[in-house]
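Keep the picture open while you read.

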Amino acid sequence: MIVRATHAGALWRDECDSVQVAQMPRFSEFLANLHFTAFPILFPAILRVYITLFEASDYALRGFALCVGVGFIAATWFYSISVNRQAPSLLLGLIGLNSNFLVEGMSARGYGLGVVLLVVAVALTAKLVDQFTVRGLVAMALVFFAATQIVFFNGAFAPAILLAAIAVLLLRRRFKSAILIALVGLVIGIFYVPYILNIYFHVRPWAVLLQDPAPFAALWELFMEAFGSPTAIMRWVWPSILLGAMAWAIWRSKVIWNNKDSAERDLLLFALIIIAVSIPSFSLFVWITHKPLLSRYYLALFCLLAVASDLIVAKLCRPFSARLGRAGVVLIAAVALSFAVWPTIIKRDTNIDILARILEQQANVHDVIVVNSWSRGISFSRYYHGKTRWLTVPNIEDHRTHRYDLFRAKMLEFFPLDDVEQAMTAALKSANRVWVVDDFRVPLRGRRPRVLTPAPDPVYGWRSTSYSVAWAQQLTFFLQQHALKSTVVAEPLASVKKQENATLLVLEGWAY
């Protein structure tokens, strides 16, 4: 975690989005822009408090990410000691050495903090099932509320955990306790109503840009890719552990089922229901939102599956010899996975900050900078402090966050790149230069650029990526036709992740 925090470098655009929303000067402005970011209100509020205390430098925000990582270790120990009365091993190995967690979880985003609270929520719920107290119920409710108000995906997993607790309590005929936990779930659901209303009234017009359902085969491949971090061997390790743990839990529960006072039976049933319900609950959430999945979206699901599997395996490994064997396997895996994850965790998240410094030194006030595409303008606005005018493709007014409403407005125009082309034309004709920060490489290979109609296009509909590709092609074609000289100033770096690794070009002269 220390290696990752010290090598991640500058913030990439999604992190800049979170930070710049949290930094908005007026609280009313902060609230008005929440629906443009990816998290409920509590995460940007926490980040706002952190920035107030420690400022918003890259070092401070990487420190925030490291604190989240340390918090995950603490939450894992709390869970394992509270529920299993053992030191954690399997859970730390499956999640703590997963590159998805080390990269996406340890960032200036809410995913890692959401995972931490999810682990604590499972621990408190399991303790409550074993020994119901009002204090425990209040603590569990507060943690669930925080977890679901930090990451929306946790709203899909809270029902799975609470349903598992209710089922065990009903089996024990503790109906009052089950009703109280059900009420906690109802309250959590009620707090989601404002977000649903906000989506209906404010987000719905541009949410269609993000709804791009993928075929099942593509989702499955992404699912297995996320499982396979940092090495493809993990694609087989994860299912083996899950299926093996479930099979043993079912067999063991059958053996001890008639023991009415069996805490072991109750915990095994609790873990089994979590595994069985969380996957369809997550799938339903994805289907309702119609949002194309990214690897980081699976992080909370992996965490919950790992927690439930760890609980079962801990019960299986009660004999000393089994615990010793588990420790040996985990130790071997820890060494092997550390080597496997190393190439990923030492990569920088972006090179936009490097290009911004070059432009501050070399671009003059009469030049024009074009950032392709518009979303890269979010990180560029954080790191570029020069006096040269800059625009994005397409150009929008606000680059602090993902303003899909402004992007949608450009999709409705007949000539969305007119202002960009006019700025480049004026600069080149007056013997000034055009600098292009290009992170959306789409070579034409001798073809003319794709031109789409104002949205919805008859072929591509509202697909935002298709419009971005078309506009990138039009930018490339325009410069090939009209610039006399093109020079590559900075190439993409091997030490930077692909998600934001741009080329810097400078173009000069006007070809009539």
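This is a predicted model: local features need pLDDT of at least 70, side-chain atom pairs count only at pLDDT 80 or more; totals for chains, interfaces and linings use all residues.

Let's start with helix α4, which covers residues 42-54. The helix has 13 residues and spans 18 Å from its first C-alpha to its last, close to the 18 Å expected at 1.5 Å a residue.

Which residues of α4 are buried? They are Phe-43, Pro-44, Leu-47, Arg-48, Tyr-50 and Ile-51. These residues cover an arc of only 165 degrees around the axis, so they sit on the same side of α4.

What do the buried residues of α4 pack against? Their partners are the helices α2 (13-22), α3 (27-32), α5 (58-84) and α8 (111-130). On the face turned away from the buried side, α4 carries the exposed residues Thr-52 and Leu-53.

## The open sheet

Now find the strands. An open sheet is formed by 5 strands in the order β2-β1-β3-β5-β4, and the pairing is mixed. The edges are held by β2 (389-392) and β4 (483-490), each with a single partner strand, so one side of each is left without a neighbour in the sheet. On average, neighbouring strands of this sheet are turned by 25 degrees against each other, direction ignored.

Strand β3 (residues 434-438) runs antiparallel to β5 (residues 503-510), and 5 bridges join them. Within this pair, Asp-438 has Thr-503 in β5 as its bridge partner. Helix α18 (residues 352-362) packs on the sheet, where it touches β1 (368-372), β3, β4 and β5, and its direction makes about 175 degrees with that of β3. Helix α22 (residues 464-482) also packs on the sheet and touches β1, β3, β4 and β5, while its direction makes about 120 degrees with that of β4.

The other pair is β1 and β2, which run in the parallel sense over 4 bridges. Here the bridge partner of Val-368 in β2 is Arg-389.

Is β1 enclosed or open? Because 5 of the 5 residues of β1 are buried, this strand is largely enclosed by the rest of the structure. Val-368, Val-370 and Asn-372 point one way from β1, whereas Ile-369 and Val-371 point the other way.

## Nonpolar cores

The largest nonpolar core holds 124 residues, and Phe-270 and Val-437 touch the most other members. The element that gives the most to this core is α8, with 15 residues. Another core, of 35 residues, lies apart from it and includes Val-370, Ile-396, Met-411 and Val-434.

Val-437 is worth a look. Leaving aside neighbours within four places in sequence, its contacts include Ile-352, Leu-355, Ile-369, Val-371, Phe-380 and Leu-504.

## A buried tryptophan

Trp-374 is found in the loop between β1 and α19. At 5% relative accessibility, this residue counts as buried, because the cut-off for buried is under 20%. Not counting residues up to four places away in sequence, Trp-374 touches several residues, among them Pro-394, His-399, His-402, Tyr-404 and Ser-468. Phe-407 is another of the residues it touches. The C-alpha atoms of Trp-374 and Phe-407 are separated by 8.3 Å, although the two are 33 residues apart along the chain.

| Where | Feature | Angle |
|---|---|---|
| Asn-372 and Ser-373 | cis peptide bond | omega about 15 degrees |
| Ala-455 and Pro-456 | cis peptide bond | omega about 0 degrees |
| Glu-55 | positive phi | about 70 degrees |
| Ala-431 | positive phi | about 65 degrees |

Where do these places fall? Ser-373 is in the loop between β1 and α19 (377-383), and Pro-456 is in the loop between β3 and α22. Glu-55 lies in the loop between α4 and α5, while Ala-431 lies in the loop between α21 (418-429) and β3.

Are Glu-55 and Ala-431 buried or exposed? Glu-55 counts as exposed at 58% relative accessibility, and Ala-431 counts as exposed at 71%.

How values were computed. Residues are numbered from 1 along each chain as its sequence is written. Side-chain values use heavy atoms; hydrogens and water are left out. Helices (H or I, at least four residues) and strands (E, at least two) are DSSP runs, numbered from the N terminus. The expected span of a helix is 1.5 Å times one less than its number of residues. Buried means under 20% relative accessible area, exposed over 50%, partly exposed in between (1.4 Å probe, protein chains only). The arc is that of the directions from the helix axis to the C-beta atoms. Contact means heavy atoms within 4.5 Å. A nonpolar core is a set of buried Ala, Val, Leu, Ile, Met, Phe, Trp, Tyr and Cys residues joined through side-chain atoms within 4.5 Å. Two strands pair if DSSP finds at least two bridges between them. Axes are lines fitted to C-alpha atoms, for helices over the stretch in contact, and angles run from 0 to 180 degrees between N-to-C directions.
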